[in-house]
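Please read them beside the sequence and the structure.

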Amino acid sequence: MSETASKARGAADTGDANRWKALVFIALAQLMVVLDATIVNIALPSAQADLGISDGNRQWVVTAYALAFGGLLLFGGRIADLWGRKNAFVVGLIGFAAASALGGAATNEAMMFGSRALQGVFGALLAPAALSLLAVMFTDAKERAKAFGIYGAIAGGGGAVGFILGGVLTEYLDWRWTFFVNIPFAIVAALGAYFVIREPKGGRNRNPLDIPGVLLSTLGLVALVYGFTRAESDGWGNSVTVGMFVASAVLLIAFVVTEAKVKAPLLPLRVVTDRNRGGIYLSLGVAIIAMFGTFLFLTYYLQIVKGYTPIKTGFAFLPMIAGMMIGSTQIGTRLMTRVPARVLMGPGFLVAAVGMLLMTQLEIGSSYASIILPAMLLLGLGMGTAFMPAMSLATLGVEPRDSGVASAMVNTSQQVGGAIGTALLNTIAASATTSYVADHIGSAASRSQQQLVALEGQVHGYTSAIWFAVGMLVLAAAIVVTFVNAGKPESHPVTGSGENAEDEVAVPVVAH
């Protein structure tokens, strides 16, 4: 073993003494970003009434964030590689806090939409920086498993926590606090990161920015996310919807061609053409399609059909959070260093599919304890077990200079999956509901019977869409079995290869 490799091995063994403290602040920032995806949804009706936002424009409270976040993730990951992950992380936190303050203080719809877009911009810088910091700070296989177990649990369960917190803040304080609550999160995480995080030297990618790649990827992803948003509201045959999908395909194909030719690409194709990483990105995106739609339908089912309050709805999601915590921190963390990732991910997605299958049995009179509770536990347990090794393997063995964009691809696959899931499953549900009501409304004589048919139609729409979600989770498991062939991780030092890796850095490799 060379002297340099020996030093690298020693660094991996001892590690940065503050890395576990750093994990607290990285996890806090990740929780803030994930919370924000759902916490604002609960507050949206109150904010809409307060600011006089029309029904036609209210979608922009969600869409403005999704477009900026989804479109700029790859650029954010590349900036993290260029500036350094710690610097990008702290700047992202400060910017996110400022944008949240602007949203909480909004006096009209323009301020609200602008603040949400700014949150998306800084979130796109913050999210890949957080994940890539974990990738370069935790290099020992067992420690990495624990760190990614915590991170995976937060990434998976944070959205459900957002429903609870959003309900509490909206009901007992004011909708503005769903924005203001981000400020203390961000300040504590930024201060902690500044004083505690010691990013390993080396591995920055100091090549000049690939401006054509930035423009093509950003515009292509924005067109894709916006296309699915338009499909949800205006239909799949709408001319603008179709135009967005065509534009997205042209732009993203041009992006791939550009990345194959330029000397210093925004997204080196070696990051995504690796069969394990490619399988992870694809399976995560497909699984998120199922998850996002289900969050939405369960929220509507509990509030509209069962009459739950926002707070009670939020607490109804707790079993899923508990399942995710157990799956991620207990099952995943304990087994990740002992078995190949696919042995956790494939069965994990299938367990989640069984939970989803239970929810296809929902009816108006279904009890929470008999169907929703066990379904949520299985869903959380399966997704937690699958997410944790996926998060780790997506950045495992990546050259240090590529860790930012590799992390950004994890977030991009989830963001695009979420946009597809919301639009696609909503369309399936709406179509099934319309068909059911049309077939049964004729036999409803009284107004109360018509209302009952309308409710039955809604539930029928939800369960029809959930059947599709079951298929998506089975497909995710099939993708894992087909593509992911990495063995269990072993902690060996490897050098950061490539002309831009400043120093040799110890990172785990995968035994095949």
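1. A contact is taken here as heavy atoms within 4.5 Å. Among the contacts in the protein chain with a separation of 6 or more, 83% are accounted for by residues 24 or more positions apart.

2. This is a predicted model, in which local features need pLDDT of at least 70 and side-chain atom pairs count only at pLDDT 80 or more, while totals for chains, interfaces and linings use all residues. Residues are numbered from 1 along each chain as its sequence is written, and side-chain values use heavy atoms, with hydrogens and water left out.

3. The protein chain holds 18 helices and 2 strands, which are DSSP runs numbered from the N terminus (helices H or I, at least four residues; strands E, at least two). Of its 512 residues, 56% are buried, where buried means under 20% relative accessible area, exposed over 50%, and partly exposed in between (1.4 Å probe, protein chains only).

4. Helix 15 (residues 341-359) has 19 residues and should span 27 Å at 1.5 Å a residue, which agrees with its end C-alpha atoms being 27 Å apart; the expected span is 1.5 Å times one less than the number of residues. Buried residues in helix 15 include A341, G348, F349 and M359.

5. L31 lies in helix 2 (residues 19-51) and counts as partly exposed because its relative accessibility is 21%. Although L31 and V161 are 130 residues apart in sequence, they are 9.1 Å apart in space, C-alpha to C-alpha.

6. I187 is placed in helix 8 (residues 182-196), and its relative accessibility of 44% is why I187 counts as partly exposed.
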